[in-house]
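Hi everyone, thanks for making time.

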Amino acid sequence: LQAADALAHDRFDEAHEALVKLADLAQGELAALAQTAAVAQDLTSVRVAFKPLSQAVQTLPLPQGMAVAFCPMAFEYAGAQWIQRDGHIMNPYFGASMLHCGVFEEEDEGA
């Protein structure tokens, strides 16, 4: 969440620091994905590496107050998801250039 927020606000150093911490604390696939994002050299590269990390985190139970958001325009309209606190969309893939681009995904109530 700290990395997503930092990316949404175009703060490379803060995103890097959060990803390094996550890589140290996580295990297995999450640690590897966080490490890949942590060694990225610029915001664009971090955002590319953040997508698979975000997808992996979504397999975990969401804490209360968290939601899955989706931006259909990310990655040349391939789209991308992320987890964030409920509230205003804060897009980590575009940052300030399109900060509020995206929607919260509805939970499947039939499941």
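Let's start with cysteine 71: its closest cysteine sulfur belongs to cysteine 101 and sits 3.5 Å away, which is too far for a bond. A disulfide here means a pair of cysteine sulfur atoms within 2.5 Å, and the structure holds zero of them. Cysteine 71 is buried, with a relative accessible area of 0%. Buried means under 20% relative accessible area, exposed means over 50%, and partly exposed is in between, using a 1.4 Å probe and protein chains only. Cysteine 101 is buried too, at 15%.

Quick housekeeping: this is a predicted model, where local features need pLDDT of at least 70 and side-chain atom pairs count only at pLDDT 80 or more, while totals for chains, interfaces and linings use all residues. Residues are numbered from 1 along each chain as its sequence is written, and side-chain values use heavy atoms, leaving out hydrogens and water.

Now the rings. How many aromatic pairs does a search of the whole structure find? Three. To pair, rings of Phe, Tyr and Trp (its six-membered ring) need centres within 6.5 Å; planes under 30 degrees apart are stacked, over 60 edge-to-face, and the rest tilted.

Take phenylalanine 75 and tyrosine 93: their centres are 5.3 Å apart and their planes at 70°, so that's edge-to-face. Phenylalanine 75 is in helix 5 (residues 74–77), and tyrosine 93 is in the loop between strand 2 (80–85) and strand 3 (103–104), so the pair ties together parts 18 residues apart in sequence. By the way, helices (H or I, at least four residues) and strands (E, at least two) are DSSP runs, numbered from the N terminus. Phenylalanine 75 is partly exposed, at 30% relative accessibility, whereas tyrosine 93 is buried at 8%.

Tyrosine 93 also pairs edge-to-face with tryptophan 82, at 5.8 Å centre to centre and 70° between the planes. Tryptophan 82 is buried, at 0%. Ring pairs link Phe50, Phe75, Trp82 and Tyr93 into a cluster.

Last, the core. A nonpolar core is a set of buried Ala, Val, Leu, Ile, Met, Phe, Trp, Tyr and Cys residues joined through side-chain atoms within 4.5 Å. The largest one has 26 residues, and Leu19, Phe50, Leu53, Trp82 and Tyr93 touch the most other members. Helix 4 (43–57) gives the largest share, five residues.
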